[in-house]
Amino acid sequence: MREIQGKDVVEAVAAMCMKGNTELPQDVRAKLEQAMAAEDSPSAKEVLRQLLENADLALDTKLPLCQDCGLAVLFVEVGDDCRVVGGNLRDLINEGVRKGYADGYLRKSACDPLTRANTGDGTPAIIHFDMVPGDRLKIAYMAKGGGAENMSRVTMLAPAQGWEGIKKFVIERVAEAGPNPCPPTIIGIGIGGTFEHAAKIAKRSLLRKLDDVHPDPKVAAMEKELEEALNALGIGPMGLGGKTTVLGVKITLEPCHLASLPLAVNVQCHSQRHEEVEL
């Protein structure tokens, strides 16, 4: 049984929080550059130029890419041949988030849902645990801002609605969201499971690289079809019109009950902030 020190978990999570909020991933930067080259609209080109300039400034100054540093969402894979010593894993992760948001001067947005009183330290984080084979601990961090998260939806379709019903719902959701989630967005889609599981796998889909291709050709074709349909909406960067409404669409399919068709659409803003570490 391999042992992982709790202090290493805290430091790794803190580092991810700070890096994730200040360094735009290379795959996102590349997509923004491609979009700027393809745009005909001067306003769309200018918005994309400013987004890239913002990313450069954040990298140079170590200041956040966006003033909304989001709620910390973490997907944790725990190998069945490892154990964490020196503390409870959930507590250690929250301590890492607390440290990262404090040391990185990141805005702390966690609050009571009714009184709106801020918890003051960016916690508790939203943590999803999975047991996997092996002796490693893998942690993926995502900063989920309110503007994009507020535009996300879960629905239960009738099985007969099938792919056409799924496509219709996704297109309508992105059209209704308009400029609110700070497009160009990345769209994570969860199809299957149950009501709550569809939402989880939709969000987890956002951890995929923008330049990857789904290993299942049928799903890859679905992603491409939706991406083209969403960009045809003409919402464009920051809602000012253009060819680039979304930078990518990522779909996860899992089995569901024969009487239901759960569907979740998780919207992420252009500032696709996430990091991963393996201990």
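R107 has a relative accessibility of 38%, so it counts as partly exposed. The classes used here are buried (under 20% relative accessible area), exposed (over 50%) and partly exposed (in between), with a 1.4 Å probe and protein chains only. This is a predicted model: local features need pLDDT of at least 70, side-chain atom pairs count only at pLDDT 80 or more, and totals for chains, interfaces and linings use all residues. Residues are numbered from 1 along each chain as its sequence is written, and side-chain values use heavy atoms, with hydrogens and water left out.

**Salt bridges**

R107 pairs with D68 in a salt bridge, with the closest N and O atoms 3.4 Å apart. A salt bridge here is a side-chain nitrogen of Lys or Arg within 4 Å of a carboxyl oxygen of Asp or Glu. The pair links distant parts of the chain, 39 residues apart. D68 sits in the loop between α3 (42-61) and β2, and R107 in the loop between α4 (89-103) and β4. Helices (H or I, at least four residues) and strands (E, at least two) are DSSP runs, numbered from the N terminus. D68 has 11% relative accessibility and therefore counts as buried.

How many salt bridges does a search of the whole structure find? The search gives 25. Some of them are tabulated here.

| Pair | N to O distance |
|---|---|
| D68 and R107 | 3.4 Å |
| K144 and E149 | 2.7 Å |
| D212 and R208 | 3.0 Å |
| R208 and E223 | 2.7 Å |

R208 lies in the loop between α7 (195-205) and α8 (217-231), while E223 lies in helix α8, so the pair ties together parts that are 15 residues apart in sequence. Both R208 and E223 are buried. Salt bridges that share partners join R208, D212, E223 and K250 into one network. D212 is partly exposed at 28%.

**Two domains**

The domain assignment gives domain 1 (2-22 + 65-144) and domain 2 (146-272). Such bounds come from an automatic or database domain assignment. The domain centres, taken over C-alpha atoms, are 25 Å apart. Contact (heavy atoms within 4.5 Å) joins 11 residues of domain 1 to 14 residues of domain 2.

The size of an interface is often given as the accessible area lost when the parts come together. Between domain 1 and domain 2 about 940 Å² is buried, and carbon and sulfur atoms give 59% of that. Buried area is the accessible area (1.4 Å probe) that two parts lose on being put together, summed over both. In domain 1, F75, M142 and K144 lose the most area to domain 2, together 60% of what that side buries.

Between the domains there are 2 salt bridges. There are also 4 residue pairs in polar contact, both residues at pLDDT 80 or more. A polar contact is a pair of N or O atoms within 3.5 Å; within protein, one must be able to donate a hydrogen and the other to accept it, and residues adjacent in sequence count only if both atoms are side-chain atoms.

Which elements give two or more residues to the side of domain 1 that touches domain 2? They are β2 (71-79), β4 (126-132) and β5 (137-144). The largest share, 4 residues, comes from β5. The residues of this side divide into 7 nonpolar, 1 polar and 3 charged. In this count, Ala, Val, Leu, Ile, Met, Phe, Trp, Tyr, Cys and Pro are nonpolar, Asp, Glu, Lys and Arg are charged, and the others, Gly among them, are polar.

Is T245 buried or exposed? T245 is buried, with a relative accessible area of 1%. T245 lies in the loop between α8 and β8 (246-256). Its side chain reaches the backbone nitrogen of I235 at 3.2 Å. Not counting residues up to four places away in sequence, T245 touches several residues, including V174, P183, L230 and I235.

L253 is found in strand β8. L253 is partly exposed, at 44% relative accessible area. Leaving aside neighbours within four places in sequence, L253 is in contact with I191, V219 and M222.

V277 is found in strand β10 (residues 274-278). V277 is partly exposed, at 22%. Neighbours within four places in sequence aside, V277 is in contact with A12, M16, L137, K138 and I139. The C-alpha atoms of V277 and D68 are separated by 23 Å, and the two residues are 209 residues apart along the chain.
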